[in-house]
Amino acid sequence: MKKRVLVTGGAGFIGSHIVDDLVKRGYEVAVLDNFSTGRLENLSESANKVEIFKADITDRERVFEIFESWKPSIVSHQAAQASVKISMERPDLDAMVNVVGGVNVLDAAVAVGVSYFIFASTGGAIYGEVPEGQAATEEWIPQPKSPYAAAKASFELYLKVYRAQFGLPFVVLRYANVYGPRQDPFGEAGVVAIFTERLIHGKAVTVFARRHRGDTGCVRDYVFVDDVVTVHNIMLSEKREGVFNVSTGTGKTTMEVLETIASSLNRRPQIHFDNPRAGDLEVSVLDNSALKTLFSSWTDFPTGIQKTVKWFLAHSR
Ligand SMILES: NC(=O)c1ccc[n+]([C@@H]2O[C@H](COP(=O)([O-])OP(=O)(O)OC[C@H]3O[C@@H](n4cnc5c(N)ncnc54)[C@H](O)[C@@H]3O)[C@@H](O)[C@H]2O)c1
C-alpha cells in the first residue's frame with residue numbers, strides 16, 4: 001500500500017519542493033495550507049497529483065475533519081507563521097499558529113494513528129547568538145531571542161510529550177537559512193530571494209549591519225532547498241528519530257551573498273548600508289556533524305545561487 005503523506009504548509013517555499021519530491025517518489029500526498037504566504041503556483045508541477053485542502057491549522061475542527069477523511073500515515077509539518085518580525089509585533093498570533101495550530105495537527109495525527117511526524121523547526125533562530133568562530137550543535141540549550149524561536153522550541157517539547165504519552169515517533173529538522181527557487185522575494189526575510197529579484201530589476205539593495213553601518217552584514221549559514229528536500233527524504237525513508245541541524249556548518253556575510261548573486265547575474269549592485277535591525281542575530285552558524293553521517297553532498301553556494309538566479313530570471317514578476 002502506498003504511504004500517505006500530509007504536508008502542512010505544502011504550498012509554501014520549502015513545503016512545495018517537499019511535495020514535488022514526494023510525488024516523484026510515488027507517495028500519495030495531501031497539502032493542508034491556508035495560502036497566507038503559500039501559492040498555488042508553487043504546486044504547478046504537482047497540483048493535479050495531490051489532494052489540496054485549503055484550511056487553517058488553528059481551526060481545530062477542520063484539521064480533525066481533514067485528517068479523519070484523508071487518513072495520512074505520515075505528517076510533514078511545514079506550516080508556520082515564519083516571520084521573526086511579525087512574531088515580535090504579534091507574539092500572540094505567532095503562538096496561535098506555531099504552538100496552538102501545531103498542537104491541533106499533533107492531536108489530529110494521534111487520533112488517526114499517524115506513524116511518523118516530521119517537524120520543520122528553526123536552527124537559524126533557536127540557538128540565539130552563536131559566538132563568532134563557533135557552530136551551534138543540537139546539544140546547545142535553545143536561547144530563543146524572538147517569540148518565533150520560542151514557539152518553535154516549545155513545539156519541539158510538545159513532540160517529546162507526544163512521543164512519551166502516545167508513542168508518536170518524530171524527527172525535528174532545524175533548518176538554517178534556506179534559499180532557492182520559489183522563495184518569496186517580497187518579504188523582509190530571505191535575503192537571497194530579495195537581492196536576486198532586486199538586482200534583476202536594476203534596483204538598489206540594502207545591507208543591514210551586523211554591528212555598525214557599513215560593515216559586511218550578519219553571518220548566516222545558507223542551505224540550498226534541494227538539500228533540505230533530500231534530507232527530508234532520508235529521514236522519511238529511514239524513519240529517523242531525533243533532532244538534526246540542517247545546515248552547511250559554514251557562515252557567509254550578507255556582502256558575500258550579494259557578491260555571489262551579482263557575479264552570477266553579471267551586475268554591479270547599488271548598495272545602501274543601514275543600521276542593524278532589531279531582533280536580528282549577528283551570527284548564526286550551525287554544526288552539521290550529526291547529519292553528516294546520513295548526508296554529505298551539500299550543494300556548494302555558487303551552484304545553489306546559480307540555480308536560484310536561473311529560476312528567478314525565468315519567473316521574476
Ligand atoms: N525559509 C527558511 O529559511 C526557514 C528557516 C528555518 C525554519 N523554517 C521553517 O520551515 C517551514 C517552511 O518555511 P518557508 O520558508 O517555506 O515559509 P513559507 O511562508 O513559504 O511557508 C509556510 C507555509 O505555511 C502556510 N501557513 C501559514 N500559516 C498557516 C496556517 N495558520 N494554517 C495553514 N497553513 C499555514 C503558508 O501559507 C505557507 O504555504 C516553516 O515552518 C518555517 O518556520 C524556514
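Colleague: Before we go on, what am I looking at, and how are the elements named?

Modeller: This is a predicted model, where local features need pLDDT of at least 70, side-chain atom pairs count only at pLDDT 80 or more, and totals for chains, interfaces and linings use all residues. Residues are numbered from 1 along each chain as its sequence is written, and side-chain values use heavy atoms, with hydrogens and water left out. Helices (H or I, at least four residues) and strands (E, at least two) are DSSP runs, numbered from the N terminus.

Colleague: Which loop holds Arg-182, and what does Arg-182 touch?

Modeller: Arg-182 is in the loop between β7 (177–179) and α7 (191–200). Its phi is near 80°, a positive value in a residue other than glycine. Arg-182 is buried, at a relative accessible area of 12%. Contact means heavy atoms within 4.5 Å. Leaving out residues up to four places away in sequence, Arg-182 touches Phe-13, Ser-16, His-17, Asp-20, Asn-42, Glu-45 and Trp-311.

Colleague: Now helices. How do I describe a packed pair?

Modeller: Two packed helices are described by the angle between their axes and the distance between the axes. Axes are lines fitted to C-alpha atoms, for helices over the stretch in contact, and angles run from 0 to 180 degrees between N-to-C directions. Here, α4 (residues 91–111) and α6 (residues 147–166) pack at about 20°, with axes 9 Å apart. So α4 and α6 are roughly parallel to each other; angles under 35 degrees count as roughly parallel, over 145 as roughly antiparallel, 65 to 115 as roughly perpendicular and the rest as oblique. The residues of this contact divide into 13 nonpolar, 3 polar and 2 charged. For that count, Ala, Val, Leu, Ile, Met, Phe, Trp, Tyr, Cys and Pro are nonpolar, Asp, Glu, Lys and Arg are charged, and the others, Gly among them, are polar.

Colleague: At what angle do α1 and α8 pack?

Modeller: They pack at about 55°, with their axes 10 Å apart. That makes α1 oblique to α8. The residues making the contact include Phe-13, Ile-14 and His-17 of α1 and Val-225, Val-228 and Val-229 of α8. In all, the contact divides into 8 nonpolar, 3 polar and 1 charged.

Colleague: And the core?

Modeller: In soluble globular proteins, nonpolar side chains tend to be buried together. A nonpolar core is a set of buried Ala, Val, Leu, Ile, Met, Phe, Trp, Tyr and Cys residues joined through side-chain atoms within 4.5 Å. The largest one here has 43 residues, of which Leu-173, Tyr-175 and Met-235 touch the most other members. Elements supplying at least two residues each include β1 (4–8), β5 (116–122) and α8 (225–238). The most comes from α8, with 7 residues.

Definitions and conventions. Buried < 20%, exposed > 50% of the residue type's maximum accessible area, 1.4 Å probe, protein only.
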